[in-house]
Amino acid sequence: MQTLNVALGERAYPIHIGRGLLGRADLILPHLKTKRVAIVTNVVVGPLYLERLRSGLEQAGVRTAAVVLPDGEAHKDWETLNRIFDMLLAERCERSTTLVALGGGVVGDMGGFAASCYQRGMPFIQVPTTLLSQVDSSVGGKTAINHPLGKNMIGAFYQPRLVLADIDTLDTLPDRELSAGLAEVIKYGLIRDPEFLAWLEVNLDRLLARDTDALAWAIERSCRNKAEVVAADETEQGERALLNLGHTFGHAIETGLGYGEWLHGEAVAAGTMMAAELSRRLGWIDAAAVARIEALFERARLPVWGPRLGVERYVELMSHDKKVEAGKLRLVLLREIGRAVMHGEAPAGEIAAAIEARCR
């Protein structure tokens, strides 16, 4: 097991990464206020891993309750969120009860948001079960639900007490979900860690083959990158926004197609290609760099072309992005591979041309 720390002063917390962690109640107990836990999971993850987590806790004397939600981005909404509150109230959970989110990014985001709201805040723990959630969404305290006009537009910054990333859960992850997680892994190399990007180019086939050592190393390196950024800028006032490379374009794809049509990582990959194309048009990176990024995403079995929603539709959807400031769209772009910047002065014509160039 490897352990990292997210350095947020009094709200610092560990990230444990390893195999066989779901049954390790000893890793969870130190982070509970009382021996009561409410578990949030979904219909896919629950049958696989709920009992393993629950039995370990109950053997340690922890009382548990659980709610099993429908699966998928299409259910990341108020109606499904309310099912969590229904369970918490029906079970008479108190402010000191700990909510444990067992699942991928959707479960983690909704569980964390529910925890931030219930009785004005209850402690929560992230137990991510997908590659994407283990390397990205479970770390950093971003919680949210979607709105028909924009993804993750309603939420809160609310940090977990612990992140428990059990690599065993990746054994049952569908290939498409594994690839989607790799989009976020590749992102860290592109925005701030060129040595990691070079390692990924050499070791991508090992990751796709689910080599344990390669996965553990990639998860640890990704979490280390994110933990450093979050510690420096918890509420995304500056550097943390750079973690959103490709996300402004990607969220437009997810919203425009309908939540769940594309996986988040798939949309991020295509969105990153749009950001790379715009960076090239601004003269910051060359065609060879764009081709290098495209080749890595293609090897990861990710889309490198966006759907044809129409440029006007893309721009409309992007106007709801959380990085819009004083009515001006700010985009995360690449000054070079390994160095991302926030830029709010890209000409509208170049943005439109980059979108058009990367759609099929």
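Predicted model: local features only at pLDDT ≥ 70, side-chain atom pairs only at ≥ 80, totals over all residues.
Residues are numbered from 1 along each chain as its sequence is written, and side-chain values use heavy atoms, leaving out hydrogens and water.

Now widen the view to the strands. β7 (residues 142–147) and β8 (residues 150–157) pair in the antiparallel sense over five bridges; two strands pair if DSSP finds at least two bridges between them. With two residues between them, β7 and β8 form a hairpin. Helices (H or I, at least four residues) and strands (E, at least two) are DSSP runs, numbered from the N terminus.

Next, look at two helices. The axes of α10 (residues 264–281) and α11 (residues 287–299) come within 9 Å and cross at roughly 175°. Axes here are lines fitted to C-alpha atoms, for helices over the stretch in contact, with angles running from 0 to 180 degrees between N-to-C directions. That makes α10 roughly antiparallel to α11 (an angle over 145 degrees). In contact (heavy atoms within 4.5 Å) are residues including Met273 in α10 and Phe297 in α11.

Finally, find helix α12 (residues 311–318), where Tyr314, Leu317 and Met318 are buried (under 20% relative accessible area, with a 1.4 Å probe and protein chains only). Seen down the axis of α12, its buried residues fall within an arc of 100°, so they line one face of the helix; the arc is that of the directions from the helix axis to the C-beta atoms. Their cover includes α9 (247–257), α10, β10 (331–336) and α13 (348–357).

Definitions and conventions. Parallel < 35°, antiparallel > 145°, perpendicular 65-115°, else oblique. Buried < 20%, exposed > 50% of the residue type's maximum accessible area, 1.4 Å probe, protein only.
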